[in-house]
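Subject: Structure handover

Hello,

Here is the structure I said I would pass on. Please open it alongside this message; my notes on what was found follow below.

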Amino acid sequence: MQQLAARFAARAVWMGLPAVIFTLLHAAPGAGWVGGALLMAPILAFALAAADLTVRSGNLGLAMGWHFINNCSALLLVSIKGTLTGLALYTTPYGVNEGALSALAIAANLLAVGLMWRLLRPVASR
């Protein structure tokens with residue numbers, strides 16, 4: 001991201017391109033086009049928020065810590081049925097390939113990402 005920022009002035013390039021790559025690396029091919037696009041919306045929001053925290057703090061610490069906590073919660077607390085569920089305390093009643101990803105679950109995910117980003121922004125600005 002830093003190298004892209006040195007080369008391009010547009011924030012959409014140096015924040016957006018790594019966020020899109022991060023999102024594509026987390027794609028769920030079994031979810032299909034519509035389900036996959038819906039599933040990737042919170043991931044893109046997370047990537048953009050993490051990029052913003054990285055810019056504000058000047059290092060990757062907050063973004064990496066948030067990513068670690070997010071992954072731990074997905075592996076240990078609530079996991080989507082049919083994925084890595086072996087350690088999860090709870091699993092969702094639907095899988096990524098069932099097309100049952102509710103708009104409510106996606107909205108809750110987006111809300112959680114937005115809330116965490118707002119809570120971490122003041123820490124990043126110190």
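The protein has 6 helices and 2 strands, and the order along the sequence is α-α-α-α-α-β-β-α. Please keep in mind that this is a predicted model.

Some overall values come before the details. There are 126 residues in the protein, and buried residues make up 28% of them. The accessible surface is about 8200 Å², with 70% of that belonging to carbon and sulfur atoms. Among the contacts with a separation of 6 or more, 52% are between residues 24 or more positions apart.

In soluble globular proteins, nonpolar side chains tend to be buried together. In this model the largest nonpolar core has 10 residues: Phe46, Ala49, Ala50, Leu53, Leu62, Ala63, Trp66, Val113, Leu120 and Ala124. Which elements give two or more residues to this core? They are H4, helix H5 (61–76) and helix H6 (103–124). The largest share comes from H4, with 4 residues.

From alanine 50 to glycine 61, 11 residues along the chain, the C-alpha atoms are separated by 10.0 Å.

Aspartate 52

Helix H4 (residues 32–57) also holds aspartate 52. Is aspartate 52 buried or exposed? It counts as buried, because its relative accessibility is 9%. The side chain of aspartate 52 makes a polar contact of 2.8 Å with the side chain of arginine 56. Beyond residues up to four places away in sequence, aspartate 52 touches Arg11, Met15, Trp117 and Arg121. For arginine 121 there is also a distance: it is 69 residues from aspartate 52 along the chain, and their C-alpha atoms are separated by 8.5 Å.

The strands and the loop

Serine 79 lies in strand E1. With a relative accessibility of 4%, serine 79 counts as buried. Its contacts, leaving aside neighbours within four places in sequence, are Ala74, Leu84, Thr85, Ala88, Tyr90, Thr91 and Thr92. Threonine 91 is 12 residues from serine 79 along the chain, and the two C-alpha atoms are separated by 4.8 Å.

Threonine 83 is found in the loop between E1 and E2. Why does threonine 83 count as partly exposed? Its relative accessibility is 39%, and the partly exposed class covers values between the 20% limit for buried and the 50% limit for exposed. Threonine 83 and alanine 28 are 55 residues apart in sequence, and 9.9 Å separates them from C-alpha to C-alpha.

The largest pocket

Rolling a probe the size of a water molecule over the atoms shows where empty space is left. In this model, the largest pocket contains about 1200 Å³ of space. It is lined by 33 residues, and those closest to its centre are Asn70, Ala74, Val78, Ile80 and Asn109. Elements giving two or more residues to the lining are H4, H5, strand E1 (78–81), strand E2 (90–95) and H6. Which element gives the largest share of the lining? That is H5, with 8 residues. One of the residues closest to the centre of the pocket, Ala74, is also in contact with serine 79.

Regards

Note on methods: Residues numbered from 1 in each chain as written. Predicted model: local features only at pLDDT ≥ 70, side-chain atom pairs only at ≥ 80, totals over all residues. Heavy atoms only, no water. Buried < 20%, exposed > 50% of the residue type's maximum accessible area, 1.4 Å probe, protein only. Polar contact = N/O pair within 3.5 Å; in protein donor to acceptor, adjacent residues only side chain to side chain. Contact = heavy atoms within 4.5 Å. Core = buried A, V, L, I, M, F, W, Y, C linked by side-chain atoms within 4.5 Å. Areas by Shrake-Rupley, 256 points an atom, 1.4 Å probe, with all protein chains shown as cover. 1 Å grid on protein atoms, 1.4 Å probe; cavity = no way out; pocket = protein on both sides within 12 Å on 5 of 7 lines; lining within 4 Å. Points joined across faces, edges and corners; volume = space filled by probe spheres on them.
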